[in-house]
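Trainee: I'd like to learn how to read salt bridges in a model. Can you walk me through some?

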Amino acid sequence: MAASIDSLLEEIAGVEDPVEELQSLKTALLAIPVSALKDSVRGQRLDVIFSLLNSSDRAQVELCVDILERILMAMSPVHVVQNYRAELQRGLTHPNDTVKILALAQAIQSLSKFSHSKPGLDKLFQTDLLQVMKDVMATSDIIRYRIYELVVEISSVSPISLGYCANSGLISQLLSELTGDDVLVRVTAVEMVTTLAHSQHGRQYLAQQGIMDKISNMIRGAETDPFSSLYLPGLVKFFGNLAIMDSPQQVCETYPAFQNKVFEMALDPDPVMIGVALDTLGLLGSNVEGKQVLQKTGEKFKAVLSKMSQLASSGPTELRVRSLDAISQLLSLQPEQQTEDLLALTESWFHLLSSQPMDMIRNISTQPFPELHCGALRIFTAIATQPWGQKLMINTPGFMEFILDRSTGQTKEAKDAKFELIGALAGSSTAAEILGSQHYIRVKTYLREGPYYVSAVAAVSTEGAD
């Protein structure tokens, strides 16, 4: 196949209108798996293809881009940078956006290879690559977004790479988009700043630039902005991620607008707002400190928990699933976290769900929707490690028979969710005493047999039915 690619490249170099030959080369390249393509393109010089990018024929240019994309995919980033740096830099200023995007994609790969060390970065940025990117940003929104994505990806690697990008002015430009006139650009900027905040050095930089205060002020000002529904979910997600990575208490106390907005969104009629609030509350509640922060809000959180219970029981399916997931996160406690106060907290929250919360969750689990079945089982799993939860299970008529019955929930996901619940019970140090030896032995037997076990009697019955 390498000989075929060689001959096609020679044919292309020898004709004035090579569209047909380019199409043949593209077809040949697509017929070879990328893993095998590496040997076929080793040693190939692609100058002829790069030169054909300088054409006014759009079809020719886009064929060249497809070919280069396929071949460069099979080459190592080091090889690409060493041999085609100049061509890719010229590609960043090409009038055709598909060429710019190809060059950017290769830049992402090469930068991710070199951005882990200062010598590698020094070598790479001697080419003024970031300045070239800055110069071409105004050509289109697509290019601008791709460059921002690239800058955030580089900056997230290390404090060194963040320093290079900050010195280029590109991060400042991204941060200015947060309060720009274009609402859709603002939405994208919020997403990218949230990604940058995933790294500790990224969060430190954003704090130094006053971005947390700026986003908090944007949340406050959202009430008077008719377009705020487009970007408000992103602002809340930013602080939700920040809280779980740093300190829920510090974030909620420093930026009270965030916590107030989450509660407000949970009670909002807009399902988009409700969904983001549910996810954020689940995220906060998955952390002990976050549980304590929510508990301190008193009646506000009780109202939200009541709303979550209503949604889990009778809301739209997607919100039912997200409510169940949030509730399971709020109720979960690892064994080492089970202090008297925290156990009392999770127990009180469980009883706020309904006058008969065990029956409510079990009823949800028996409905013919696998995602609801699994979501309900996750709530039972969350309380299965806690003594009060085990007492409810053993004192609820028919509950132990329900969870040990392998005939319910026949999908793989349902079997896995049931097995996780059984595992949580079996692994608890208090389960044997609370459940009693008969039930505990059955739980351990279920665990030993595995999630997909089928008894001989059940198997025979199934065959007879067939």
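Mentor: Let's start with Glu 149, which is partly exposed at 39% relative accessibility (buried means under 20% relative accessible area, exposed over 50%, partly exposed in between, with a 1.4 Å probe and protein chains only). Bear in mind that this is a predicted model, where local features need pLDDT of at least 70, side-chain atom pairs count only at pLDDT 80 or more, and totals for chains, interfaces and linings use all residues. Residues are numbered from 1 along each chain as its sequence is written, and side-chain values use heavy atoms, leaving out hydrogens and water.

Trainee: Which residue forms a salt bridge with Glu 149?

Mentor: Side chains of opposite charge can pair when their charged atoms come close. Here the partner is Arg 146, with the closest N and O atoms 3.7 Å apart; a salt bridge is a side-chain nitrogen of Lys or Arg within 4 Å of a carboxyl oxygen of Asp or Glu. Helices here are DSSP runs (H or I, at least four residues), numbered from the N terminus. Arg 146 is partly exposed too, at 24%.

Trainee: Where do Asp 279 and Arg 322 lie?

Mentor: Those two form a salt bridge at 2.6 Å between the closest N and O atoms. Asp 279 is in helix α19 (residues 271-285) and Arg 322 in helix α22 (residues 317-331), so the pair ties together parts 43 residues apart in sequence.

Trainee: How many salt bridges does the structure hold?

Mentor: There are 16. Asp 141, Arg 144 and Glu 177 are even linked in a network of them.

Notes
Helix = DSSP H or I, 4+ residues; strand = E, 2+ residues; numbered from the N terminus.
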